[in-house]
Amino acid sequence: MNHDDLGGGLAGNALYEMVIARERGDWTAAHAAAKATGSRPVSAHPAHANLYRGAPAVAYVLHIAGHPAYTRSLAELDAETVAIVADRLDAAHRRMGGGRPPRLREYDLISGLTGLGAYLLRRDRGNVLERVLRYLVRLLTEPLTVDGHQVPGWWAATEPRDVVGAGRFAHGHANFGIAHGMAGPLALLALARRAGHAVDGLDDALAGGITHLTAWAQPSSNGSIGWPELLPLDAYRKGPEPGAAPGRPSWCYGTPGIARALQLAALVLHDDTARGLAEHTAFQAVTDSRQIRQITDASVCHGWAGLLLSTDRTASDAARPDLTGALPALRAGLESAMARNETTEDAGLLTGNAGVRLTQHTLSTPRPLDLGWETCLLLN
């Protein structure tokens with residue numbers, strides 16, 4: 001089990017313990033979790049370290065802890081993370097200068113600069129964050145040419161596993177999800193704008209993202225509306241496909257995460273039409289039995305916890321009250337999955353019990369401290 005892995009390792013467990021300690025004031029378990037996370041050296045290599053692995057992941061956990069015992073360690077990890085960001089940005093701008101499409105790991109939330117930007121936003125490192133925001137503005141506003149066809153700047157050069165594409169993914173793919181696709185940069189730009197950060201072109205990037213997601217909100221075969229998870233070049237060129245089967249309503253790739261990204265962008269630009277689309281689509285995702293039946297575990301990444309947390313955060317900003325009315329059924333679904341022990345792993349925020357327990361704690365505490373831990377999911 002990886003000690004410095006936020007998604008599926010001990011760093012995810014530590015995040016849960018830090019939130020609990022901040023709420024209850026007993027730091028025994030939190031300090032033990034921090035010790036386990038720091039039991040071996042953490043990666044600070046730019047090719048491997050990101051929000052969910054290595055120095056930035058551990059720094060994120062210690063930041064959420066907010067405990068003076070971690071001040072020195074956090075300062076060291078902070079400096080390593082800033083150096084990682086600088087290296088990543090230099091490589092990304094070189095790639096852009098050559099007109100080549102990126103790999104997902106260049107920009108996405110889990111492995112790339114969007115995730116590192118989420119860390120910087122939470123740490124309030126405005127000067128470094130603004131460099132990331134300027135990069136993401138370019139990513140969302142400067143198109144590329146692939147096989148003679150114009151595609152968005154976030155077009156992935158690879159197949160979905162982020163390895164060199166072959167077959168139907170020989171020319172790469174468009175990824176829409178919040179974990180690996182364009183909804184991630186869109187959500188981060190919106191959250192940064194909401195927090196008062198501004199760079200040239202930011203509103204244009206948000207508007208372009210809204211336009212793209214609005215155009216790709218396609219009616220499914222049972223009348224609900226949703227987005228494709230990912231598309232190879234030939235399918236992307238054909239445009240939206242009405243009548244497609246509705247996808248799994250997961251946080252990582254599905255409607256709940258994408259709808260939240262669209263809602264956040266619409267809120268900061270005061271775009272009531274896009275906001276309405278986001279909230280309508282989110283509501284359909286949680287009330288359509290064909291979609292709900294595809295949720296088969298309790299996890300944050302692609303299970304009940306992520307669906308519940310995403311929907312709760314969308315409902316908290318929604319103009320329509322019916323999203324809030326849908327939450328009790330989702331809570332019941334999560335509790336039922338927990339009773340059946342439907343988690344894939346013991347450890348981690350995304351795939352393990354720590355993320356499920358953290359979601360349950362956050363949503364069941366009457367007045368939880370606003371720790372902002374959900375920024376690593378781009379939900380708040």
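Modeller: Gladly, and please keep in mind that this is a predicted model. Let us begin with Asp-162, which counts as buried because its relative accessible area is 6%, under the 20% cut-off that the word requires.

Colleague: Where is Asp-162 in the chain?

Modeller: Asp-162 lies in the loop between E2 and E3.

Colleague: Is Asp-124 buried or exposed?

Modeller: Asp-124 is exposed, because its relative accessible area is 56% and the cut-off for that word is over 50%.

Colleague: New topic, then: how many aromatic pairs are there?

Modeller: A search of the whole structure finds 4 aromatic pairs. In one of them, the rings of Trp-154 and Phe-176 have their centres 6.0 Å apart and their planes at 70°, so this pair is edge-to-face.

Colleague: Which parts of the chain does that pair link?

Modeller: The pair links distant parts of the chain, with Trp-154 in the loop between strand E2 (149-151) and E3, and Phe-176 in the loop between E3 and H8, 22 residues apart. Trp-154 is buried, with a relative accessible area of 2%, and Phe-176 is buried as well, with a value of 0%.

Colleague: What about the rings of Trp-155 and Tyr-236?

Modeller: Their centres are 5.3 Å apart and their planes are at 70°, so the pair of Trp-155 and Tyr-236 is edge-to-face. This pair, too, links distant parts of the chain, as Trp-155 is in the loop between E2 and E3 while Tyr-236 is in helix H10 (residues 233-238), 81 residues apart. Both Trp-155 and Tyr-236 are buried.

Colleague: Which residues do the ring pairs link into a cluster?

Modeller: The cluster consists of Trp-154, Trp-155, Phe-176, Trp-216 and Tyr-236.

Colleague: What else does Trp-154 touch?

Modeller: Leu-140 is in contact with Trp-154, and, not counting residues up to four places away in sequence, Leu-140 also touches Pro-185, Leu-186, Leu-189 and Ala-205. Leu-140 belongs to helix H7 and counts as buried, at 13% relative accessibility. The C-alpha atoms of Leu-140 and Pro-185 are separated by 8.0 Å, although the two residues are 45 apart along the chain.

Colleague: Where is Asn-175, and what does its side chain reach?

Modeller: Asn-175 is in strand E3 (residues 173-175), and its side chain reaches the backbone nitrogen of Gly-181 at 3.5 Å. Asn-175 is buried, with a relative accessible area of 0%.

Colleague: Last one: how do H8 and H11 pack?

Modeller: Helix H8 (residues 183-194) and helix H11 (residues 255-269) pack at an angle of about 35°, with their axes 8 Å apart, and the crossing is left-handed. Among the residues that meet there are Ala-183, Leu-186 and Arg-194 in H8, and Ile-258, Arg-260 and Leu-269 in H11. The residues of this contact divide into 13 nonpolar, no polar and 3 charged.

Methods: Residues are numbered from 1 along each chain as its sequence is written. This is a predicted model: local features need pLDDT of at least 70, side-chain atom pairs count only at pLDDT 80 or more; totals for chains, interfaces and linings use all residues. Side-chain values use heavy atoms; hydrogens and water are left out. Helices (H or I, at least four residues) and strands (E, at least two) are DSSP runs, numbered from the N terminus. Buried means under 20% relative accessible area, exposed over 50%, partly exposed in between (1.4 Å probe, protein chains only). A polar contact is a pair of N or O atoms within 3.5 Å; within protein, one must be able to donate a hydrogen and the other to accept it, and residues adjacent in sequence count only if both atoms are side-chain atoms. Axes are lines fitted to C-alpha atoms, for helices over the stretch in contact, and angles run from 0 to 180 degrees between N-to-C directions. A crossing is left-handed if the near helix is turned anticlockwise from the far one by less than a right angle, and right-handed if clockwise. Contact means heavy atoms within 4.5 Å. Ala, Val, Leu, Ile, Met, Phe, Trp, Tyr, Cys and Pro count as nonpolar, Asp, Glu, Lys and Arg as charged, and the others, Gly among them, as polar. Rings of Phe, Tyr and Trp (its six-membered ring) pair if their centres lie within 6.5 Å; planes under 30 degrees apart count as stacked, over 60 as edge-to-face and the rest as tilted.
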